[in-house]
Amino acid sequence: MTLFWILACVTIPAALTVILHRNPVYSALALVFTLFQVAIMFVALDAHLIAFLQIIIYAGAIVVLILFAIMLLSLEPEEPGDGRSSLRAAGWGAAALLGLELVAIAAVFPDTPAAEKPLPEGYGSVAKIAERLFTTHLLPFELTSVLLLVAVVGAVVMARRRTGP
Amino acid sequence: MEVLISLAKVIFAFVIVLQLTLVLLWVERKGSALIQDRVGANRANLFGGLLPFNLGIVNTWMADPLKLFHKEDIVPADADRFLHWLAPWIAIFPLFVTFTVIPFGDVLIAGGYTINLQGADLNLGILYVLAMLSMAVYGVIVGGWASNSRYAFLGGVRGSAQMVSYEIAMGLSLVSVVLTFGTLDFQEIARAQGDLLFGVFPAWGFFYQPLALLIFFIAGMAESKRAPFDLPEAESELVAGFYTEYSGSKQSVFMMADFVEVAIVAGLVTTLFFGGWQVPWLYRDGFHFPGGFHVFVPSLLVTVLQVLSFLVKLFLFCWLQILIRWSLPRLRYDQLMDLGWKRLLPLSLANVAITAVFVLLFDGKTVW
Amino acid sequence: METELLRWIVLLPLLGFFAGVFAARTNRPELARFTGPAVVLAAFVVVLISVGRLWSLPADGALVDKMFTWIEAGPLSIDFTFRIDRLTSVMLLIITGVGSLIHLYSLGYMDHEPDVARFFAYLNLFVSSMLILVLADSLPVLFIGWEGVGLCSYLLIGFWYKDMNNADAGQKAMIANRVGDAAFLIGMFLLFWSLAQVGTASLNLQSINEQAPLLAEKLPWVPTVVCLLLLIGATGKSAQIPLYVWLPDAMAGPTPVSALIHAATMVTAGVYMIARLSFLYVEAPGAMDVVATIGALTCLFAATMAIVQDDLKKVLAYSTVSQIGYMILGVGVGAFAAGIFHLMMHAFFKALLFLCAGAVMHALHGEIRMSHMGGLGSKMPITAKTFLIAAMAIAGVPGFAAFFSKDMILEAAFVSGHTLQWALGLIGAGFTGFYVFRGYFRTFTGESRLDPEVAAHVHEMPRVMTVPLMILAVLSIVGGWIGLPFGLLWGDAIGHYLSPSLATPHGHHGHPTTGTLLFLMTLATAVALFGIWWAWTLYAKSPQLLETVYARTRGVYTVLWNRYWVDELYDTLIVDPYKRTSRFFWKGVDAVFIDGLVNGVGAVVTWNAGVWRRLQSGNVSHYALGMLAGAVLLAGATWLVLQN
Amino acid sequence: MTEHYLVLAAILFAIGGLGVLIRRNVIVILMSVELMLNAVNVTFVALARQHGSMDGQVIVFFVLTVAAAEVAVGLAIILMNFAQRKTINADEIRLLRG
């Protein structure tokens, strides 16, 4: 439980930094930090494999790409609030409302028995997850490979320097 | 007591790394001198020149660090001061914690305790290593960006692109190793290599996965950004790459990160492909040579031998990397990318496929 | 008995098909020249092994190979199963045995054909489909083969598709078969529906045969309707009245194709199907009478057309229609075994006739008009002798194949009281003797009417072509001895062999006396010999008579020469109205009504979009706000629901 | 325990949504979307643990893959857009307005 409170106290400011910091590089680094915290949450929730994948894929690859893009574009820090104050206000309002509602739902969520069931043997292990992945979820798994291929081809085609007309 | 033992193990792993960086610093200077037919570090000397020769140990182990840590820390104008300070620590922290999962010996049974000689026994060790190594890229890219210098920035971008690219081939080569041994746990992999092939040879990973060894070693060297893959810090083009604007202790931390990475690559190669702490034909109760010849060795001594064996192999592979660094010319950037994406990646993919077929054919058993 | 052997009978030719496609794609004719005949021979060997195993079982035993469940939907459950019983074993031996001989013959016949790989690929696919047809354990699986052979027939008729006539002939076959297949499908659906009413819903052949009496008892009209619908299917595939028109045109294909598909195997599928469902057919005596009548009519009708044809292959084509008419007559009068017996004999002598015709064509560089032949016997002795044997076999010269089989059918027709049909068949027998010997004399004897240039190159065929001819010739002689009359020696061996697989018709007709049988046999033989004698008189002994006969029968001749104008009749009755209706639907319904509908929908959508597009500001944040607002509403609703 | 994580995930999700709304930098918007995805992932893993079922973790695996594909394509679009129009301001990218 202590771990949770520490995580909560660190994650929320980090997440706020992501969306509020004017310098996108800081946003990205804060995002990495947030993702790390989420990975630790996964470990605490007995999802070790997912935690490592989170770090390898999200922190190790995705955010690096984002950071790359930010640096290549050499962006100036964003000046706060010019001419879209109504949208900002609406955004704050909607997000706050949504957050409140979700918290309220989580608090009254019916399907949360007080005593936790003991976890099955090998819960969250590579073998068990792989078993689910290659039996019950085989079709989506195969489809992800198609998705990735499409994404790779799409990204390459778009990012390629145009030659000719 | 348990906590103390764990702490001792982590500290031991940590000490190995720190000491190794010092030794490597010395080897790098004196060894390169040897390779290039120079004298090398020979100024400061202990005992006022009582010895007939100077190994340069004082230079490299005391004078250099002292100098580095006392130099003025210069932060360029317009640099992002916070990130400039943060970058070296981002670079070195994941590397330090990586070494804790590499086992340096089998279990030690002493005083009623069974101690697993491994900093932290994690059953997803290989994933952990991949995760931590993928974090190291942030030090480079943030350091390069925060310096507000073109050289540094270019070095940072080069470095991160290089590391992200080679991570893939590295991860895939590890996949075939994982397929071969059927586990992600370093200690189990090391133990599995205690078997014998044909009853004679030690069943080291490199017999099963020579191609993976090659790919992993090359990719590992590229990950540590050392020659011939030192594009991010290419002196002749980028001054010193991503740490051009670093000086003093911060710069020394970056250098240390390099050496730690060398040590990690050596440690991984040792553990995955060369039996880790295994000594050929040495078991808990002594040597069993092929042909039924048996020599008794006390259990404690066995452990000592194992740790020694690990350290010797570790050092050998560190030396091999330094040797390569001082022998081979630097690649061009397009050659680097070419090697990573068009050679190593397809090769490692093919290796995974072939390994998978073999594992299926032999029912996951190492029947050779 | 369960065995996994049977699937290989089908798979081997299928593999040959794929090899052939590969060879055609990569231009390696040698590969197809090897695999094409080899796989069929291999299939023949597997068939021999399987039949050997079948013979070690009790008489009503069967070999079964269940591969997988093909369709599983509610009460409908169809297994993809192959099954060999005694009836199937006869068919298998014919298909793979005669098929192997024809494949070997094709090696020589298609020697100069550049596209030989495609030829063998189609031929193998055909063999594979035909084997599925006879091995099938249920009607839908049988239908796969049924359609497969139709497809291959289409492909092979139009093999030389660069000539428009050949392509048209292929289409004609396809369309005529479609009509029959539609009826077949309706019959199959009706059968399934009615079985679901009275018993176990199933399309398994065994199950259908077992439930046939029950069906006839509960829903008496069903067996008759189903049998008639299936009969229409059979008339399409087996070229009977009214759907026979495609077969004479089908001679456009290479001659080995005519031998294999349009003589020995595919066209007999209808006969096989009726025999297979004999237990159902015997429950529908009315339908049986229709079957017998159609068979007898076709038999005579086609034989009359055969006597005037100039094209040797067309003679044989009409002869095939006529001979299948005998088989249909046989199964129609309840003599299923006799029908299958004649089917088997026909496979031997008709394949032989076609192969001889092919040899002649090959020697004359594609010339097939008999008015341009004559006197070939001396130059092609083996071909001439084997043709003569086949002609004697088909005409029913005593001791030869059709003497026994055709006689058995006519006997059964007479004995079962189908006197009219018997008479038609009897007259047909006379015509048979006439047209086939007319063909023989015009081709192989008398004066040579060849082009001198062509005549110089006439030569006997190579071994690879003559050996199959000789084997078939031997079979045409001795084949008939498996069904001897009057209990001579082993008696009616084929009938006894097939009896466990076939039904016996209801109603007892009593055993005819030996004297009656002897009289019938003598009569049939006399009629046939009269036909032969008449052909000999007109075409060999005194050709000058021909002019006189021709002058006296000019009217009849014109009718026959124009094939009773049946094709023209079909054009007027069906094709032209169909074209006019299509044109109306195109110009009237499609262009005005449907296009207007489509364009109208488009116009409405365009107008509507013009109204709603104002919502799209193009700004991502606005969309995101909309999404988030939706999420807020949803979450609020969820919360309210959960609270209560 | 599970409720706590669910609440935390809800807050993270709201923060991500807020980021999408108030920022104009497309890349930051992309990062905010990643935050939202992660919030959902936490929910999945927490509930998976609650029920002792691994399907929640498997779904996270798929989310990771989708996120990787999304970022690769998204960044390519952003870079190409920047190369042609010299902007990554979401307010200025509105070619698709009706």
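In the predicted model, B:L314 touches B:I16, B:L20, B:F99, B:A263, B:A266, B:G267 and B:T270, with residues up to four places away in sequence left out of the list. B:L314 itself belongs to helix α12 of chain B, which covers residues 299-327. The relative accessible area of B:L314 is 0%, and the residue is therefore classed as buried, since the limit for that class is under 20%. A separate comparison concerns B:G276: between B:L314 and B:G276 the sequence separation is 38 residues, while their C-alpha atoms lie 8.7 Å apart in space.

The interface between chain D and chain A was examined next. Contacts join 64 residues of chain D to 77 residues of chain A. The size of an interface is often expressed as the accessible area lost when the parts come together. For chain D and chain A, the buried area is about 7000 Å², and carbon and sulfur atoms account for 76% of that area.

Two salt bridges are counted between chain D and chain A. A salt bridge links the side chains of D:R49 and A:D46, with an N to O distance of 2.5 Å. On the side of chain D that touches chain A, at least two residues come from each of the helices α1 (2-22), α2 (26-51) and α3 (55-85) of chain D. The most is given by α3(D), with 22 residues. By residue class, this side of chain D comprises 45 nonpolar, twelve polar and seven charged residues.

Notes. Residues numbered from 1 in each chain as written. Chains lettered and ligands numbered in written order. Predicted model: local features only at pLDDT ≥ 70, side-chain atom pairs only at ≥ 80, totals over all residues. Heavy atoms only, no water. Helix = DSSP H or I, 4+ residues; strand = E, 2+ residues; numbered from the N terminus. Buried < 20%, exposed > 50% of the residue type's maximum accessible area, 1.4 Å probe, protein only. Contact = heavy atoms within 4.5 Å. Buried area = accessible area lost by both parts, 1.4 Å probe. Salt bridge = Lys/Arg side-chain N within 4 Å of Asp/Glu carboxyl O. Nonpolar A, V, L, I, M, F, W, Y, C, P; charged D, E, K, R; others polar.
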